[in-house]
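This briefing looks at two kinds of contact surface, one inside a chain and one between chains. Please keep the sequence and the model in view while reading the points below.

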Number of protein chains: 4
Amino acid sequence: MSAQPRTARGVETRSRILRAAEDVFAELGYTEASVSRITDRAGVGQGTFYLYFDSKLDLFNELVEDLNRRVRHAMAEGAASAPDRISAEREGFAAFFRFTAEHPALYRVVREAELVSPEALRLHYTRIVEGYIEGLDQAHGAGEIGDIDTTVAAWALMGIGEMIGMRWVLWGSNGTGEGGGDADPTASGTSAVPEHVLDEMMRFIGGALGRPAAEPTKEEES
Amino acid sequence: MSAQPRTARGVETRSRILRAAEDVFAELGYTEASVSRITDRAGVGQGTFYLYFDSKLDLFNELVEDLNRRVRHAMAEGAASAPDRISAEREGFAAFFRFTAEHPALYRVVREAELVSPEALRLHYTRIVEGYIEGLDQAHGAGEIGDIDTTVAAWALMGIGEMIGMRWVLWGSNGTGEGGGDADPTASGTSAVPEHVLDEMMRFIGGALGRPAAEPTKEEES
Amino acid sequence: MSAQPRTARGVETRSRILRAAEDVFAELGYTEASVSRITDRAGVGQGTFYLYFDSKLDLFNELVEDLNRRVRHAMAEGAASAPDRISAEREGFAAFFRFTAEHPALYRVVREAELVSPEALRLHYTRIVEGYIEGLDQAHGAGEIGDIDTTVAAWALMGIGEMIGMRWVLWGSNGTGEGGGDADPTASGTSAVPEHVLDEMMRFIGGALGRPAAEPTKEEES
Amino acid sequence: MSAQPRTARGVETRSRILRAAEDVFAELGYTEASVSRITDRAGVGQGTFYLYFDSKLDLFNELVEDLNRRVRHAMAEGAASAPDRISAEREGFAAFFRFTAEHPALYRVVREAELVSPEALRLHYTRIVEGYIEGLDQAHGAGEIGDIDTTVAAWALMGIGEMIGMRWVLWGSNGTGEGGGDADPTASGTSAVPEHVLDEMMRFIGGALGRPAAEPTKEEES
DNA sequence: AATGAATGAGAGTTCATTCAT
DNA sequence: GATGAATGAACTCTCATTCAT
């Protein structure tokens, strides 16, 4: 029933709907976000929606896929220029937090996906984790990190990022969820979480991943 | 409008509704779970619901509170007899995973809370994290762990538990969400995640928390 | 989802909806008859409809069944006091035409059933035909009619009744479908079709069913 | 708004739409058959439809007219070579049943016409009946049939044909509507209803129409 | 001639909640 | 204490039709 647009006008209309949907889903979540609210925001008729999407769920899945692609792109870009794995991890997280701050939809939409489209949720997390695993395997091969199970570690990293992101990005620095007048959290080059939180988080992760040769918390200490 | 029951019969009716609600919310999520489905499952009339709860949301909040109380109780009990912090952490997580396996509602309900009742969600996580912080602070005071920011670490632990729980408890060992014929995951004394995952996860956490002197749980000791 | 009413008030409401539905279906047909129009006419809220019927189709099927029961009852009653099969046939048809005149829904609803609920349609015709067959078999056994295939004859009678009814009852005496100011067609004891049409129709049928003793078409002929 | 095509290409397009419409109406009925489904099946754009038809109803009326023309042509052709009225009747019915078997649209579309376009329905039946009347009048003049009211008889014949056709052609030999693996019902020269049903039906009609002297079609003749 | 884009009205259906009994 | 009846707003989705290209 739905179809790809075949004219430039159609392409424009379809993307207007997608952009409106991202906003509305982020604000209201899947259930509360009605098709009519989306089309209102997009400035198109209600019937137009069904020209390009089979259903509200169809649009939702597409949106999750899209966000996933974009957040992974942002993370990869952030990590690209890092000299070693630990820096790469740090820059990847910083990029993730910035993306979250700019696109709160990521959180809202993905978390609700659990109920709406479990498969979409699984794909989202799995794809990100696969990126972590790859990076960790390389780092391990290069002797940058300890002898760990990279799969378990990758899921742990995923969880850390999600929870720290919820606590300090979504809820704001004071943890009340009421925003907090932070300095612009989206400024590129900085992180959307307070610097010291990122520092501590990376210290936590650094310890977790282990150091290959001389482990400073151990023998060298004292 | 709602009221506490005044008779034994009322107490029974109210708790029948609560138990039914846990099942129905876990199965369908907040939005899809209709009041009539809950009262049907509870075996009471639709009007009876409003004798004990102001609204569907009221019931939801109460349910989240209740689950939070129970999961913290289970974790505390699991950790109670541990000789040191790292063991306590391990037993706490194991208890958390068992609780999750037995009450999938914890995941479903809590994750949806983000959209339905953000305050309930914040309270839920914050309370668990406070328990972590307390434990970490004590451990730090006792010289069991390194010199870390216990708040950041606590949120990281929260995230690790949530994500590992989703991946290995909810989705099953194969990560497909289709169950996998695992041995009874609720058997007390064991964990609901594969033993080696729990091992690796604790190694990860052990490294993260840092060890001031030597690591007492492994072979290098003595 | 739908349920039988459990109180007197519910019984009354449900039957109000049924009566309204018969009117509205007769006027507009299945497709044009919206649930909201039915509930408006019944003077109940739209949601009330779904307390007693699963769907519009559910109601439709129930209505066809009900009409079928009533028309067969009317026909049987009409034919009951007839001295022989041919008179019984005549009185049965007369009753059928009166019923049609009083309940145009019979026609409208049943003819649309072909598309909406084919099974309902089949049941409707089959049940009426079964009554014909039974009567014809008895008449044959009693030597009142000729040696015919009663099944084929019964379906033929069904068709004759339906078509004559459409032409002279529904469309009126002038066949324009615009009514015709006929004398009250529902007066009991009379037929809803002009007397001479009924006469001719019965002469047609009488010839068709054959005469038992001196049957001119076969052996006894010259 | 609609117009007759002015080019060969237009003629082809218009007839593509008509053929598609016959299929779709036959399958789904008037209401369920959407214009877009018809244009999809025809392989033309949605807007093209309105180049040749004013509205969906306009197309429907045209289709009924067309089917009516074709079925009457088929019946007249079937009856053309018959030596007497009764044979003509038989061959006409046989042709009617074959047409019905080949074009189920006749039934579906015409029966729904009652609600969609009553005038179209009336015209359809009336035209066929006029053919019957003409034939019966001639036969009566020729002394082939008894002294009957040919108008009433014609409507009765119409009803018989319709009902026998529904029962044995549309529903199949077993009357379940599920088809029944009959031998090809469209083979010309045979009837689409079982031979014995046609025989019995004609015996019924033969008796109904009355024979002035002796029955010329059977073995006692000559 | 042909068509894809666009639309708003309206469809059937669900549901949290109120109320009389 | 308990409950069935009732409701109207809101939902997702369909469709005949118009129009610019």
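Two salt bridges are found across the interface of domain 1 of chain A and domain 2 of chain A. One pair that forms a salt bridge in chain A is Arg14(A) with Glu62(A), whose closest N and O atoms are 2.8 Å apart. The model is a predicted one, and side-chain atom pairs are counted only at pLDDT 80 or more.

**Between the domains of chain A**

- The domain assignment divides chain A into domain 1, covering residues 1-54, and domain 2, covering residues 57-211, and the centres of these two domains, taken over C-alpha atoms, are separated by 28 Å.
- The contact brings together 13 residues of domain 1 of chain A and 15 residues of domain 2 of chain A, and the two domains bury about 1300 Å² between them, with 65% of that area on carbon and sulfur atoms.
- Eight residue pairs are in polar contact between domain 1 of chain A and domain 2 of chain A, with both residues at pLDDT 80 or more.
- Helix α1 of chain A, residues 8-32, contributes nine residues to the side of domain 1 that touches domain 2, which is the largest share of that side.
- Sorted by class, this side of domain 1 of chain A holds eight nonpolar, two polar and three charged residues.

**Between chain D and chain C: extent**

- Chain D gives 49 residues to its contact with chain C, while chain C gives 50 residues.
- About 4200 Å² is buried between chain D and chain C, and carbon and sulfur atoms give 67% of this area.
- Of the area that chain D buries against chain C, 17% is supplied by Arg111(D), Met163(D) and Phe204(D), which is more than any other three residues supply.

**Between chain D and chain C: pairs and elements**

- Six salt bridges are found across the interface of chain D and chain C, and Arg111(D) forms a salt bridge with Glu162(C), in which the closest N and O atoms are 3.6 Å apart.
- Polar contacts between chain D and chain C number seven residue pairs, again with both residues at pLDDT 80 or more.
- The elements of chain D that give two or more residues to the side touching chain C are α1 (8-32), α6 (105-116), α7 (118-141), α8 (150-170) and α9 (195-209), and α8(D) gives the most to that side, with 16 residues.
- By class, the side of chain D that touches chain C is made up of 25 nonpolar, 10 polar and 14 charged residues.

Key: Residues numbered from 1 in each chain as written. Chains lettered and ligands numbered in written order. Predicted model: local features only at pLDDT ≥ 70, side-chain atom pairs only at ≥ 80, totals over all residues. Heavy atoms only, no water. Contact = heavy atoms within 4.5 Å. Buried area = accessible area lost by both parts, 1.4 Å probe. Salt bridge = Lys/Arg side-chain N within 4 Å of Asp/Glu carboxyl O. Polar contact = N/O pair within 3.5 Å; in protein donor to acceptor, adjacent residues only side chain to side chain. Helix = DSSP H or I, 4+ residues; strand = E, 2+ residues; numbered from the N terminus. Nonpolar A, V, L, I, M, F, W, Y, C, P; charged D, E, K, R; others polar. Domains from an automatic or database assignment.
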